[in-house]
Amino acid sequence: AAIWSGDFFAAGNLGNLVNRVLPLALTALGQAFVLFAGRIDLSVGSIISLATAILATTSNELGWLAIPLVLAAGLACGALNAAGVIWLRINPLIMTLATAAVVKGLAMLLLPSPGGEVDYGFYDLFYGQDLLVGWPLAVIVAVFALAFIMLGFTRFGRRIYALGSDERAAYANGVDVRRVEWSVFLLSGLFSAAAGIAVGIKILSGDPLIGDSFTLDAIAAAVLGGVALTGGRGGVLGVLAGSIALVLIANAFNLLELDPNLQQIAKGLIFVVALMLFMRGAAKRAA
């Protein structure tokens, strides 16, 4: 992209890249926590849509109080997933898919079509002039640094990996499986809501369907970054790298003026290739 387009290294484009990485990276990080524990969350996209709808309908009246309201909604969605998986013993794939349907319905009830209005003061403070070094970059660095420390240097992080590697062995060694499951689903809901806030501020409105593409993209970014769908393997820096890679692909397509529909084909093929490489590596390790 840099070779064929002289605009790639323009300050505006680099700043825009950071702004686009932020919501995907947050969503992928939340998804990664669930994947590390050997579960999956298909509701992240719907939570993002609901977050934009809540922000667009409350920010003018509540001001900055709308932010904790949106985050609380994300935690509630994560709690719903956790309750279904832990108490009702529903498969995470099915439970989070059902939650996605429920949350999307709530978003449609709240905001039947794209619209509403997000206070421009949010945009002016957070995104400014699409600067490379600004609040979006600061949030990415801070959140991923905390996640890196949490997963690599705390007992909680070791328990997540232990659960994803072997649930029975983790339980036998004193890991509170239910507490870990609650934690990862709550984190996924929280990060998805935060991503929704970033999206809502960026578009200055709400959209009950805008999060749909994030579900596959978040999983693809995590897998591309080395996170195992079977659990117990991967790291947050890989997740960030995978998120950046997907955003760079989309940006390259835009700069080269290629058909936007080809982006989805490219993402799907990259996802398949990443899975193939992972499965081949897993087979070699098993042998």
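**Reading a predicted helical fold**

Analyst: With a relative accessible area of 12%, Phe214 is buried. The model is a predicted one, in which local features need pLDDT of at least 70 and side-chain atom pairs count only at pLDDT 80 or more, while totals for chains, interfaces and linings use all residues. Residues are numbered from 1 along each chain as its sequence is written, and side-chain values use heavy atoms, with hydrogens and water left out.

User: Where is the place of Phe214, and which residues does Phe214 touch?

Analyst: Phe214 belongs to helix α10; a helix is a DSSP run (H or I, at least four residues), a strand is a run of E with at least two, and both are numbered from the N terminus. Contact means heavy atoms within 4.5 Å. Leaving aside residues up to four places away in sequence, Phe214 touches Pro23, Leu24, Thr27, Val44, Gly45, Ile48 and Val199. Phe214 and Leu42 stand 172 residues apart in sequence, yet their C-alpha atoms are 9.7 Å apart.

User: Is Leu216 buried, partly exposed or exposed?

Analyst: Leu216, also in helix α10, has 42% relative accessibility and therefore counts as partly exposed. Its C-alpha atom is separated by 8.8 Å from that of Gly268, 52 residues apart along the chain.

User: How many helices and strands does the chain have?

Analyst: The chain has 12 helices and zero strands, and its pattern along the sequence is α-α-α-α-α-α-α-α-α-α-α-α.

User: What radius of gyration does the chain have, and what would a compact globule have?

Analyst: The radius is taken over C-alpha atoms, and the globule rule is 2.2 Å times the number of residues to the power 0.38. For 287 residues a compact globule would have a radius of gyration near 19 Å, and the chain agrees with this at 19 Å. The C-alpha trace spans about 55 × 45 × 35 Å along its principal axes. Buried residues make up 48% of the 287 residues. Among contacts with a separation of 6 or more, 79% come from residues 24 or more positions apart.

User: At what angle do the axes of α10 and α11 cross?

Analyst: Two packed helices are described by the angle between their axes and the distance between the axes. Axes are lines fitted to C-alpha atoms, for helices over the stretch in contact, and angles run from 0 to 180 degrees between N-to-C directions. Angles under 35 degrees count as roughly parallel, over 145 as roughly antiparallel, 65 to 115 as roughly perpendicular and the rest as oblique. The axes of α10 (residues 212-224) and α11 (residues 236-255) come within 7 Å and cross at roughly 120 degrees. The two helices are therefore oblique to each other. Asp217, Ala220, Ala221, Ala222 and Leu224 of α10 make the contact with Gly238, Val239, Gly242, Ser243, Ala245 and Leu246 of α11. By class, the contact has seven nonpolar, three polar and one charged residues; Ala, Val, Leu, Ile, Met, Phe, Trp, Tyr, Cys and Pro count as nonpolar, Asp, Glu, Lys and Arg as charged, and the others, Gly among them, as polar.

User: Is the crossing of α2 and α9 left-handed or right-handed?

Analyst: A crossing is left-handed if the near helix is turned anticlockwise from the far one by less than a right angle, and right-handed if clockwise. The axes of α2 (residues 44-62) and α9 (residues 177-203) come within 7 Å and cross at roughly 50 degrees. This pair is therefore oblique, and its crossing is right-handed. The contact includes Val44, Ile48 and Leu55 of α2 and Ser188, Ala193 and Val199 of α9. Its residues divide into 10 nonpolar, six polar and no charged.

User: Which residues does Ser188 touch?

Analyst: Ser188 of helix α9 counts as buried at 0% relative accessibility. Beyond four places in sequence, Ser188 touches Gly30, Gln31, Val34, Asp41 and Val44. Glu181, which also lies in α9, counts as buried at 7% and touches Arg39, Ala82, Val85, Ile86 and Leu163, with the sequence neighbours up to four places away not counted.

User: What is the phi of Arg89?

Analyst: Phi of Arg89 is near 55 degrees, a positive value in a residue other than glycine. Arg89 sits in the loop between α3 (66-86) and α4 (92-110) and counts as exposed at 67% relative accessibility. Leu204, in the loop between α9 and α10, has a positive phi of about 60 degrees although it is not a glycine; with a relative accessible area of 27%, Leu204 is partly exposed.

Note on methods. Buried < 20%, exposed > 50% of the residue type's maximum accessible area, 1.4 Å probe, protein only.
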